[in-house]
Amino acid sequence: MNSRSTRPRQREGTNPAPPVHIRWMIRRDLSDVLRTEMASFEYAWSEEDFLRCLRQRHCIGMVAEQGESIVGFMIYELQKSCLHLLNFAVHPSARRTGIGTQMIQRLIQKMEAHRRRAITLLVRERNLTAQLFFRKMGFQAVRLLRHYYPDTGEDAYQMEYRALSTANDTPELSLSNRISSYESD
Ligand SMILES: CC(C)(COP(=O)(O)OP(=O)(O)OC[C@H]1O[C@@H](n2cnc3c(N)ncnc32)[C@H](O)[C@@H]1OP(=O)(O)O)[C@@H](O)C(=O)NCCC(=O)NCCS
């Protein structure tokens, strides 16, 4: 299946998962968002971190809702030339069903709607799952930031998704990546 398909995946013989609805985050989503955050990261953002971030004019929060539950969230910042993904997670119980894919596809649509040409993010060197996920989504590792995280001293990879320019400047989406060059080193 094409990695850009929006259709949720389903294992044979299982009931179809309820469709995922991706919408703006509102204040009362925060307790569910915090639950996913705590279940996802060793060094998790606090409620105050979320609020401080979302009070910024250029920060936007979105959630993925499945039935009555919030199963994922993302927070991104509108920068001059790109969207920068600041925080992003899917609840462990809902992973590997295509929800993360649908959220990033939505972010790619936002990039185009905001007339930005790229999405950037930083990922911890030990977070192989996220690196594999973003590579599948068409992101490339473009920069290594040595000892970026003060808590563990880990390096960060800067990953980037870039819309290709064409002669008539119609946005086209890049499928290539360069993270494999880090893997083979
Ligand atoms: C990264 C994350 C958001 C992915 O969300 P998800 O909903 O599980 O992702 P999807 O189901 O859309 O996966 C798409 C593809 O990514 C890759 N992928 C996702 N999780 C993977 C894993 N644990 N191992 C290997 N590949 C993985 C696979 O290629 C997968 O396709 P497949 O299931 O057909 O093999 C989720 O694992 C997560 O919340 N992790 C913890 C928080 C985090 O690390 N956030 C990113 C910070 S930079």
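In the loop between β4 and α3 sits R96, a residue of this predicted model whose phi is near 60 degrees, a positive value in a residue other than glycine. Such a value deserves a second look, because most residues other than glycine have a negative phi. R96 counts as exposed because it has 12 C-beta neighbours inside 10 Å, and a residue is called exposed when that count is 12 or fewer.

A second residue with a positive phi is H147, which is not a glycine either and has a phi near 50 degrees. H147 is found in the loop between β6 (140-145) and β7 (156-164), and since 10 other C-beta atoms lie within 10 Å, H147 is exposed.

From these loops we can turn to the ligand. Which residues are the closest to the ligand? Of the 19 residues that surround the ligand, the closest are A89, R95, G100, T101 and A130. The elements that give two or more residues to this shell are β4 (82-90), α3 (99-113), β5 (118-124) and α4 (128-136), and the largest share, five residues, comes from α4. Sorted by class, the shell around the ligand has nine nonpolar, seven polar and three charged residues.

Technical notes: Residues are numbered from 1 along each chain as its sequence is written. This is a predicted model: local features need pLDDT of at least 70, side-chain atom pairs count only at pLDDT 80 or more; totals for chains, interfaces and linings use all residues. A residue is near a molecule or strand if its C-beta atom, placed from the backbone, lies within 6 Å of it. Helices (H or I, at least four residues) and strands (E, at least two) are DSSP runs, numbered from the N terminus. Ala, Val, Leu, Ile, Met, Phe, Trp, Tyr, Cys and Pro count as nonpolar, Asp, Glu, Lys and Arg as charged, and the others, Gly among them, as polar. A residue is buried if 20 or more other C-beta atoms lie within 10 Å of its own, exposed if 12 or fewer, and partly exposed in between; C-beta atoms are placed from the backbone.
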